[in-house]
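Welcome! Here is a short tour of a protein model, from its inside to its surface. Take a moment with the picture before reading on.

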Amino acid sequence: MSQIKVTVYITSHNYGRYLKTAVDSVLSQSLATWELFIVDDGSSDDTYQIAQGYGDSDERIFVIRNERAQGLRNCANAVLNLARGELIIRLDADDYFDDSALLILANYMDNNPNKGLVFPNWIYIDEQGGFIGIENRKIVGAESKVLDLPAHGACTMVRKRVLKSIGGYDPQFDAQDGHELWLKVLHRFDVGNVTTPLFFYRQHGSSMSRDENRILNARQKIKRGISKIHTGVVKPRVVAVVPAKNSYAETPNIVMEEIAGKPLIDYTLEAAKACELL
């Protein structure tokens with residue numbers, strides 16, 4: 001085999017109905033120097049049979065089977081230990097690449113050796129693959145501050161050495177791997193993005209992106225977990241600023257307006273006082 005440039009991995013837990021489309025999008029890439037790991041994470045559908053069919057027919061495709069589900073982060077760390085590519089990218093089993101995705105992202109990384117990761121724009125599709133819309137992210141550093149623009153977990157290309165240097169993914173978190181990656185990487189390495197839509201992001205009833213409470217809770221846990229690593233025994237002093245504007249013509253005295261027997265602002269101040277981070 002020629003030298004591997006990009007390691008792609010797809011983790012599937014009962015997403016066999018979408019898997020063929022995802023794998024075929026890797027096979028159709030303009031960049032040929034890739035390897036693909038398909039991880040069957042404890043599926044009870046036909047995921048393994050589909051994956052094994054590809055593994056038997058293409059020497060670039062490797063199949064990992066977990067008898068019991070290990071979770072996305074454990075699967076990602078397992079692939080990280082096996083990866084031969086200098087760049088790593090995850091494709092979710094229910095999504096698929098544009099034909100030029102790997103070529104454009106790998107070329108960006110080659111031309112920007114100071115960047116630790118890069119992510120593209122994407123196209124939203126429905127469960128049947130119908131077009132919904134395009135996500136256009138602002139250009140990091142030029143149109144947006146990086147803290148306002150976290151990378152998407154899937155289809156973000158990362159240097160393998162960077163991913164290893166931050167310790168891979170923390171299995172204690174069960175969602176929002178992209179948020180974890182962003183917070184770990186952006187303070188140590190430069191990050192970038194391209195404005196070309198390079199993958200198709202499927203929206204359906206079981207999509208993780210539909211579970212807003214789980215997303216917010218996961219981000220909270222990730223932020224607290226990472227802050228503990230960086231603060232050590234001496235905790236930084238964090239100041240919260242609560243702006244209170246009481247001069248709206250339409251709602252005079254809104255700050256002191258009583259709701260259930262207490263001024264509105266009391267609810268904000270009590271929540272702030274109860275927060276251990278402040």
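Strand 4 gives the most to the lining of the largest cavity, with 3 residues. Keep in mind, as you look around, that this is a predicted model. Strand 4 spans 87-90, and helix 6 (177-185) joins strand 4 in supplying at least two residues each to that lining.

How many residues line the largest cavity in total? The lining is made of 11 residues, and those nearest the centre of the cavity are Tyr9, Arg90, Thr156, Val158 and Tyr169. The volume of this cavity is about 60 Å³. Counting cavities of 30 Å³ or more, the structure holds 1.

Val238, Leu277 and Leu278 make a nonpolar surface patch of about 260 Å². To find Leu278, look in the segment after helix 8, which covers 264-274. Leu278 counts as partly exposed because its relative accessibility of 46% falls between the 20% limit for buried and the 50% limit for exposed.

| Residue | Relative accessible area | Class |
|---|---|---|
| Cys75 | 2% | buried |
| Cys275 | 22% | partly exposed |
| Leu278 | 46% | partly exposed |

Cys75 is classed as buried because its 2% is under the 20% cut-off. How many disulfides does the structure hold? The count is 0. In general, a disulfide is a covalent bond that links the sulfur atoms of two cysteines.

Terms used:
Residues are numbered from 1 along each chain as its sequence is written. This is a predicted model: local features need pLDDT of at least 70, side-chain atom pairs count only at pLDDT 80 or more; totals for chains, interfaces and linings use all residues. Side-chain values use heavy atoms; hydrogens and water are left out. A disulfide is a pair of cysteine sulfur atoms within 2.5 Å. Buried means under 20% relative accessible area, exposed over 50%, partly exposed in between (1.4 Å probe, protein chains only). Patches are made of residues with over 30% relative accessible area and no salt bridge: like charges are joined within 9 Å, nonpolar side chains (Val, Leu, Ile, Met, Phe, Trp, Tyr) within 5 Å. Accessible areas come from the Shrake-Rupley method with a 1.4 Å probe; for residues, only the protein chains shown count as cover. A salt bridge is a side-chain nitrogen of Lys or Arg within 4 Å of a carboxyl oxygen of Asp or Glu. Helices (H or I, at least four residues) and strands (E, at least two) are DSSP runs, numbered from the N terminus. On a 1 Å grid over the protein atoms alone, a cavity is a set of points where a 1.4 Å probe fits but cannot get out, and a pocket is an open set with protein on both sides within 12 Å along at least five of seven lines; lining residues have an atom within 4 Å of a point. Grid points are joined across faces, edges and corners, and a volume is the space filled by probe spheres set on the points.
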